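This briefing is meant to be read with the sequence and the 3D view side by side. Please find each named residue in the view before moving on to the next point.

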Amino acid sequence: MATAVAPSFHSTKETTNYARLCRLLVDVGSDVLRETFEKKRPPGNLDTVLSSPPVHAVLLSLKKKKLLNPQQWDKLYPVLRSSVSSKNFDTTLLMVLLRNICGLVPPSTGWNTLPPAADTTLDADIVRIKYYRNTVYGHASEASVDGATFNQYWQDIQGPLVRLGGGGYQAAIDDLKTECMDPDFEEHYKELLRQVVMDEVSIKERLDVMRKEMGQIGRSLDEFKEAIVNPIKKAGDKAVTEYSIALKESIRSQTEYLAQVSPTLPNARTDHIFTNLLMQHGRKPVEDLDLERKECFYLHGQARRRKLVEDLDLKREKRVRQYGQMSGKQIKHSQDIFLSTDGKHPESVLVTGKAGIGKTLFCQKLIRDWADNKLFQSKANTEVPDFKFAYLLTFRQLNLLGDDPVTLKDILNRSSVLDDHSNIDDSLFEYVVDHPEEVLIVIDGYDECSQRDYIASDSHEKYPNNAFEKIPVAAVCAKLIKGKILRGSVVMITSRPDESDEMKDKDIHFDRYVEITGFSEPQVKEYIGKYFKSNEGMKNTVLGHITKNVNLVSFAHIPVLCFLMCSYFENKLQHSDITNPLPVKTSDLYDEIIKVFVQKHDKNKRLALEVTLDKLSKLAAQLLEERRYLFMKEDLKTFNSQEVESLCGSGLLHCGPPFRKSFSATTKYFCFTHLTLQEYLAASWFVKERKTPPKHVSPEVFQFMSGILSKQKDAVFMEMLLEEISRLRGISVCRYRLLKFKCLMDYEDVEFVKRIVKKRRHDLFEQEGSMLFCYSELTDVDCTTLSFLFHVFGALNAEEESEVSEGTSKMGAKWTLTTLSLSFNQITDAGVVSLCEALQTPTCKLTTLDLRENQITDAGVVSLCQTLQTPTCELTTLDLRGNQITDAGVVSLCQALQTPTCKLTTLHLSGNQITDAGVVSLCQALQTRTCKLTTLHLSCYQIANVDSVIPCRALQTPTSQITDAGFVSLCQALQMPTCKLTTLVLRGNQITDTGVVSLCQALQTPTCKLTTLLLSRNQITDAGVVSLCQALETPTCKLTKLDLSGNQITDAGVVSLCQALQTPTCRLTALDLSFNQITDAGVVSLNQALQTPTCKLTRLDLRHNEITDADEEHLRKFSTACRALF
């Protein structure tokens, strides 16, 4: 293939002309402006002048207006005040100082227009320098100026420079015009001019822009300067205090809709419902897996290669999906979000959480806590910000404004928590702009924003960064989020995770990230305990019922639903005549909750329950079809006033605050207390009408419909519903398959399920006998579904075997599931319990279970171990990598491994928290005759500080590392005749040459069965390699594959290895030496070894060493005998 010629860029006369002009403006222009400043500034030492009250007041005002950036302010007011010098001032800073503290008068044409030629005053010449600086920069895209234009520019610029600086500058300017310029100098001055111009734009140095920011477009420049030096009277402290009080009162009155949600607790409020917040710290870097992916194309055969590449692609997807997520600490009080770190308060906060988790409720509670003076526990804490203003907005509300041009004040006045007494007037808004650090702005629902693409882009940059300017709504939001306006305020945004990732992808970063995670199982128990603290019997009954049903624990994960469920159970248990069991299925629970809540609030028994619920279900379905979650009172026209009153009081409908359609027009809106309540009611309507839901609905609607249909046993419609699932949008194959299983389980008809499974057999299995649910966000509830599926498969297998034995069928094991991958999900110990129940059934034939990268602890391991010891459990391969297993969990595993009925042969424990103590326990098991383990993985996901190794990925929980002490124990076990290990993986630990000595003793023992040993990313040097080579040359050593990548091996170690490779007794066929310190000299040695007939090596990896292209080519000559990789 022909190689394209790389373009080259050479200096021309035109590009040199442009560079000369840049140098004239940067070097000479800066000196002239500096001298002019020193002549015109007030007399006295510079530090004294800058510290004088009049000058300091002007400069402080400019700083507040962002016309002086922090770097320039530090140059004006360094720590050692006497060290201030104009020599450190850049051109832009000098311009600002000349025009604001030196008493200059603007030319008749202003500061931004070229003065007439006749005007040669000092002020006019300063404007000329700035004008021609911008004019010359207009040629930056081509970086060239023709001769005629160059001469004209030069003449135009040198005139004001000489007039300002004096005749002494003329000779220097003349020399500069003809002086030879080095190409590097040309680029240097081009860049300097670009920086000067960009600095001026970025800090809005022009006074015209300042005039706009102050909202004084019609004011003359003299008046404007006077306003800076002697500011007009703005909102005073008293007015601000009075407004803040009025704002808080408005918030309290406008959020009274939070007041009552419980039919049994009259004092219960939704803002008493706490939620679980996780403060996130430190981004997880996305590991670059491209290199590892490429390796697969060299090291493995086609089938193995495809599997590894798919696995790496899944790893990359997981890493990318987790980018921006952080290891976190739980927030005990909302004030923690705003506390400073490293002396700086967060100015931008992103709150994420899945749909329905309680983001909106959190925002409302936060703003109400501020109004009630409960947001900050200790005002005396200097780290606590002093918010005098707080505003709650929603993107849903801002969508109504479309592309209307608005100011920031217009948007804040649309806040739903404002009443007629708390609108912002001009003087208050000026105070807000001048004191942004006193402002908190919360905007809820970024995922509902109709212009997310605009906000995430840089389209807003064409508008000025001016809080007073009227620009499109999306531009105001973008500038607010990105800190372009009202910088210093705290802006909090809420969003679902997927939509928030769009901002991260566009490099929109926040100072602080908070995740609303909902309740964990212990927190569910804690909440129930607090709710029923006055009734011990009721508390125990509810706790017992919920905790033994994993789907109810999942239901209670969302704080609002946990509250509603407790309220329902309280009401249910108060009736002594109740004999029916408490509901277990989610759809049954929703049905009961809705009925009880409506009946409880119909105190006069005026409502016909079924009629009311029927109308409510129809409304919910219509809204869902239209993708509407808010509705006005007009949408309730089919309900009479008694029904509306009852529904609003029941807790099922949420009557929101006044919704500002415009500055003066408000209306009330409603929504269902939780989205799932609307979805359940809509599902009821769809079932009644025998209508399949639209494609955009959530999977929960299909589950609700399946649960409702279970009471009607409408198999025809149920099958139609299952067909519709395949048409759902935005759902992966794994989630689609799992949703079908969930719906089948909720339908509760085993014969129907068996018929569907037979009919859809090829849709169920990834390949024969295998199911894959990686990266599917599976939870413990999903494990219950899988357990149900095992039982169905078992029943089908039993039927199949019966037919085979009777001679009516020749095909056996058609429904045998042998491999199940559940890696990279959210399965906890509770989910493991559900899986174990299925694994112990005689009909379950699962042999491989992949549970890596979940949230399994030692308690989950105990459940697994009990299952492994059951004679009916067929598991031979168990992958538990990347969980939270400690040495205690290893002890349980060892007890199971020694049980004669345990069939496990392959065990993956890498990336957990296992130390040498855990290894000792494993060794005891390995030496037991009944232990069948042949493959053991104990790698660490973190590596030692070895310079030659690729940096490891960061993990939320650091994994432990095995040292020489643990390795010695393993080596002793390997020598025992009863130890069956053939593959041992110990990557990324702390094994040194000392440990290798013990290894070599084991490898030379005739009873050692090890054939594959992976020791990459340890601390092995050439000395350790010498010991290994002694073992490799021994006839009793059975090793065929050895991985020493990422250690500290040099050419000396390679020499030892080559001697071993040429020995007839050495069985090694695969050797990995990548990421070491091998040079061309080592390649020469390997060349010689590879040519030896006794060398059995077929795969050699030498990538990422210090080998030149020439020696790579030498090794390639022997590619027919050895597959050498670089």
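Predicted model: local features only at pLDDT ≥ 70, side-chain atom pairs only at ≥ 80, totals over all residues.

**Aromatic rings and helix packing**

Counted by the distance between ring centres, the aromatic pairs come to 23. One of these joins Tyr590 and Tyr680, which are stacked, with 5.8 Å from centre to centre and 20° between the planes.

**A cluster of rings**

- Phe704 is buried, as is Tyr590.
- Ring pairs connect Phe555, Tyr590, Tyr680 and Phe704, and these residues make up a cluster.

**Helix 30 against helix 32**

- The crossing of helix 30 and helix 32 is right-handed.
- On the side of helix 30 the contact is made by Pro699, Phe702, Gln703, Ser706, Gly707, Leu709 and Ser710, while helix 32 contributes Leu739, Lys742, Cys743, Asp746 and Tyr747.
- Sorted by class, the residues of this contact between helix 30 and helix 32 are six nonpolar, four polar and two charged.

**Helix 7 against helix 8**

- Helix 7 (residues 147–165) and helix 8 (residues 168–178) pack at an angle of about 155°, and their axes are 10 Å apart.
- Angles over 145 degrees count as roughly antiparallel, and so helix 7 and helix 8 are roughly antiparallel to each other.
- Helix 7 and helix 8 have a right-handed crossing.
- Helix 7 makes the contact through Phe150, Asn151, Trp154, Gln158, Leu161, Val162 and Gly165, which meet Tyr169, Gln170, Ile173, Asp174, Leu176 and Lys177 of helix 8.
- Seven nonpolar, four polar and two charged residues take part in the contact of helix 7 with helix 8.
- As background for reading such lists, an α-helix has 3.6 residues a turn, so residues three or four places apart point the same way.

**Two mostly covered helices**

- Helix 42 is mostly covered, with eight of its 11 residues buried.
- The buried residues of helix 42 are Asp1022, Gly1024, Val1025, Ser1027, Leu1028, Cys1029, Ala1031 and Leu1032, and they pack against helix 41 (993–1003), strand 21 (1041–1043) and helix 43.
- Helix 43 (residues 1051–1061) is mostly covered too, with eight of its 11 residues buried.
- In helix 43, the residues Asp1051, Gly1053, Val1054, Ser1056, Leu1057, Cys1058, Ala1060 and Leu1061 are buried, and their packing partners are helix 42 (1022–1032), strand 22 (1070–1072) and helix 44 (1080–1090).

- Asp27 lies in helix 1 (residues 13–40), and it counts as partly exposed because its relative accessibility is 27%.
- Although Asp27 and Thr91 are 64 residues apart in sequence, their C-alpha atoms are 9.8 Å apart in space.
- Arg99 lies in helix 5 (residues 91–101), and it counts as buried because its relative accessible area is 1%, where the cut-off for buried is under 20%.
- Arg99 and Trp111 are 12 residues apart along the chain, and a distance of 8.9 Å separates their C-alpha atoms.

**The whole chain**

- The protein chain contains 45 helices and 24 strands.
- Of the 1126 residues in the protein chain, 55% are buried.
- When contacts between residues at least 6 apart in sequence are considered, 79% of them join residues at least 24 apart.

Note on methods: Residues numbered from 1 in each chain as written. Heavy atoms only, no water. Axes fitted to C-alpha atoms, helices over the stretch in contact; angles between N-to-C directions. Helix = DSSP H or I, 4+ residues; strand = E, 2+ residues; numbered from the N terminus. Parallel < 35°, antiparallel > 145°, perpendicular 65-115°, else oblique. Left-handed = near helix turned anticlockwise from the far one by under 90°. Contact = heavy atoms within 4.5 Å. Nonpolar A, V, L, I, M, F, W, Y, C, P; charged D, E, K, R; others polar. Phe/Tyr/Trp six-rings, centres within 6.5 Å; stacked < 30°, edge-to-face > 60°. Buried < 20%, exposed > 50% of the residue type's maximum accessible area, 1.4 Å probe, protein only.
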